[in-house]
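Biologist: Hey, I've just opened this one and I'm new to it. Could you walk me through it?
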Amino acid sequence: MLETTIAGSLPKPEWLAEPGKLWAGWRLPPELLIQGQRDAVLVALKEQEAAGIDIVTDGEQSRQHFVHGFVERIQGIDFTRRISVGIRANRYKADVPVVTAELRRDRPIHRDEARWARAHTRRRLKFTIPGPMTIVDTIADEHYGDRQKLAHAFAQVINAEALELAGEGVDVIQLDEPAFNVYLDEVGDWGIACLEEAIDGLGCKTAVHICYGYGIPANRAWKDTLGEEWRQYEHIFPLLARSAVDQVSVECAGSRVPLPLLGLLKGKDVLLGCIDVATDRVETPEEVAGLIVAAQQHMPVERLYPCTNCGMVPMDRGIARKKLEVLSAGAHLARTGAQRS
Ligand code: ZN
């Protein structure tokens, strides 16, 4: 009960990539990079184990960015050209590659990374892949000419990849869809359909992560415009409750998401964000336990998995490590508290 997990990414060691930023460049020469990434995965796994995290990830140590690390190995995308576009409804600019031909997955994308992680932890392993809508929002397109068509094409690529990762013994495949919180109408029109296409036929647990973004200034400014109550989830949760996905990863720590909205996710596991990745202030175990107990008013405790709000890649490593320890300690406190009551 109350098993802990993380949204996905962890900060990379300084010797691997420039710390404190998204899209940080690699610091190792090409001939050393893969071994360095493998070593970083070992560190990420052991740090999660030491902190007491039950369902671990590879910390996304082998990807420069959660979207582009996936799409850079798909054929039909030109990475030599980068176009600056406003992503997440123009919230911030990103230099993105261009889809120039039909998408093809000629070879596995993250298989070797998943295999390496699987071989080095006995804990349950979650692997994250960007979701179709979020990829479409983080890329330029000169071939398909239609976001929905492009999303379906990516869904097929993701599905082939996810089936292979599940075959490697990954226990949970999570699709990251922060764009769901931005394009609320499109989620119902085609976002959920593409999500289901991407997880079709998987023999493992499936999850979707929907957050309010990393703790970067553009996201903080956006959050300030969302008012006293953040009700985006109210549009999405009923659709997800009817969908095939097993688990939903949500942002609740330090957010203005009303917890009663969790009641809209009937039948689903909730990965409850109890750790705010947008602040360096480390939560207390009591705060984490308090949030877990409050969430239990709106859903069965058996379906609750304490988690981080979002990826931790741009954070300081020491702070991220402390936050994982507190996540674990808070879940323990809530567990023992639940037994007492
Ligand atoms: Zn996130």
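This is a predicted model: local features need pLDDT of at least 70, side-chain atom pairs count only at pLDDT 80 or more; totals for chains, interfaces and linings use all residues.

Biologist: How many bridges join S7 to S8?

Modeller: There are 4 bridges between strand S7 (residues 205–210) and strand S8 (residues 247–251), and the two run parallel.

Biologist: What is the strand order in the open sheet of 7 strands?

Modeller: The order is S1-S4-S6-S7-S8-S9-S10, with parallel pairing.

Biologist: What holds strands together in general?

Modeller: Backbone hydrogen bonds pair the strands of a sheet, either parallel or antiparallel.

Biologist: Back to S10. How many of its residues are buried?

Modeller: 5 of the 5 residues are buried, so S10 is largely enclosed by the rest of the structure. Leu304, Pro306 and Thr308 are buried on one side, and Tyr305 and Cys307 are buried on the other, which leaves both faces covered.

Biologist: And which strand does S10 pair with?

Modeller: Strand S9 (residues 269–275) pairs with S10 in the parallel sense over 5 bridges. Gly273 stands opposite Cys307 in S10. Between S9 and S10 the chain passes through helix H9 (residues 285–295), making a right-handed β-α-β crossover.

Biologist: What about S4, is it enclosed or open?

Modeller: S4 is largely enclosed by the rest of the structure, because 6 of its 7 residues are buried. S4 pairs with S1 in the parallel sense over 2 bridges, and Val56 stands opposite Leu125 in S4. S4 also pairs with strand S6 (residues 172–176), in the parallel sense over 5 bridges. Pro130 has Asp176 as its bridge partner in S6.

Biologist: Changing topic: which residues of helix H3 are buried?

Modeller: In H3 (residues 111–119) they are Glu113, Ala114 and Ala117. These residues lie on the same side of H3, because they cover an arc of only 95° around the axis.

Biologist: What do they pack against?

Modeller: The buried residues of H3 pack against helix H1 (30–51), strand S4 (124–130) and helix H5 (147–167).

Biologist: Okay, and the nonpolar core: which residues touch the most other members?

Modeller: The largest nonpolar core has 106 residues, and Ile173, Val248, Val270, Leu272, Cys274 and Ile292 touch the most other members. H5 gives the most to this core, with 10 residues.

Biologist: What does Ile173 touch?

Modeller: Not counting residues up to four places away in sequence, Ile173 touches several residues, including Phe127, Ile129, Ala162, Leu165 and Thr206.

Biologist: What is the order of the open sheet of 3 strands?

Modeller: That sheet runs S2-S3-S5, with mixed pairing. Strand S2 (75–87) and strand S5 (140–141) are at its edges, each with a single partner strand, so one side of each lacks a neighbour in the sheet. Strand S3 (residues 92–104) and S5 run parallel and are joined by 2 bridges. In S5, Ala140 is the bridge partner of Val98.

Biologist: Where is Ile139?

Modeller: Ile139 is in the loop between helix H4 (132–136) and S5.

Biologist: Is Ile139 buried or exposed?

Modeller: Ile139 is buried, because 22 other C-beta atoms are within 10 Å, and 20 or more is the cut-off. Leaving aside neighbours within four places in sequence, Ile139 is in contact with Val71, Val96, Pro97 and Val99.

Conventions. Residues are numbered from 1 along each chain as its sequence is written. A residue is buried if 20 or more other C-beta atoms lie within 10 Å of its own, exposed if 12 or fewer, and partly exposed in between; C-beta atoms are placed from the backbone. The arc is that of the directions from the helix axis to the C-beta atoms. Two residues are in contact if their C-beta atoms, placed from the backbone, lie within 7 Å. Two strands pair if DSSP finds at least two bridges between them. A nonpolar core is a set of buried Ala, Val, Leu, Ile, Met, Phe, Trp, Tyr and Cys residues joined through C-beta atoms within 7 Å. A crossover is right-handed if, with the strands pointing away from the viewer, the path from the first strand over the helix to the second runs clockwise.
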